[in-house]
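Hi,

Here is the structure I promised to pass on. Have a look at it first, and then read on for what turned up among its charged side chains.

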Amino acid sequence: MYWSETEHESSQASDAACVDVWFRVEGRKLPVDHIFELRGEVGLHLPWLLENVGAGLQPVSVAPAANGWMRPDPTRGETLQLSRRTRLMMRVPADRASDCKALEGKVLHIRDCALRIGGSSVRPLLPSPAVFARQVVIPTGKHDEQVFLSWFSYQLSVLGIRALKLLPGMRSELRTSAETLHASSMLVAELTPAQSMRLQCAGVGAHRSLGCGLFIPHKDIAAVGDFNSDD
């Protein structure tokens with residue numbers, strides 16, 4: 001954990017260069033660890049998504065009520081049970097949003113599961129003082145928490161963001177056909193609106209098309225203080 005005193009710092013204005021595209025989906029179930037196959041299926045219809053560093057794909061998630069309070073265990077053959085509220089989300093450059101419609105009406109085949117993609121809607125990114133990524137890939141040699149935090153802080157500095165409050169969380173593994181990636185969740189707090197937008201649009205680390213390094217607004221907590229205004 002890295003926790004510094006609040007500091008008001010100036011930051012450059014950031015245009016909303018990225019948007020989120022949400023798709024309705026129809027299907028009964030999905031494997032818990034489906035993101036690698038999902039990326040491949042989406043890439044058949046949107047090949048540019050895999051080549052654009054500014055684009056990312058989130059794993060399909062379900063509301064807790066759909067599976068109780070316990071996450072399904074893939075080692076026991078358990079799967080994500082989809083509902084009418086389930087959505088597929090991808091983050092893309094704003095000028096690519098209309099291209100995403102090519103995915104509508106397609107059926108994606110993920111192991112023994114079929115996922116039909118419905119209509120889409122485009123939503124602008126919203127500034128939030130705290131943002132959260134479920135997975136940020138940990139580079140080779142950066143597995144020690146303090147080393148990882150130092151690396152992460154440097155990535156923020158490249159974006160013109162001085163880290164004030166960083167909270168790494170659960171560690172996880174992500175398997176692809178070529179390797180096993182190690183990742184950590186990450187909460188970043190005390191962001192100005194411009195910094196928040198910049199971080200959400202740029203992301204941190206590798207494998208954005210596998211849902212890694214994508215930050216979404218997080219419910220603020222009292223400990224991270226008030227939402228700073230840009231100077």
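Glu 173 has a relative accessibility of 43%, so this residue counts as partly exposed. Please keep in mind that the model is predicted. The side chain of Glu 173 meets that of Arg 175 in a salt bridge, at 3.2 Å from N to O. Arg 175 counts as exposed because its relative accessibility is 58%.

Asp 112 is exposed, at 63% relative accessibility, whereas Lys 29 is partly exposed, at 25%.

Then there is the salt bridge between the side chains of Glu 37 and Arg 111, at 2.8 Å from N to O. Glu 37 is part of helix 1 (residues 35-45) and Arg 111 is in the loop between strand 7 and strand 8, so here the parts tied together are 74 residues apart in sequence. Both residues are partly exposed: Glu 37 has a relative accessibility of 25%, and Arg 111 has a relative accessible area of 47%.

Best wishes

Notes: Residues numbered from 1 in each chain as written. Predicted model: local features only at pLDDT ≥ 70, side-chain atom pairs only at ≥ 80, totals over all residues. Heavy atoms only, no water. Buried < 20%, exposed > 50% of the residue type's maximum accessible area, 1.4 Å probe, protein only. Salt bridge = Lys/Arg side-chain N within 4 Å of Asp/Glu carboxyl O. Helix = DSSP H or I, 4+ residues; strand = E, 2+ residues; numbered from the N terminus.
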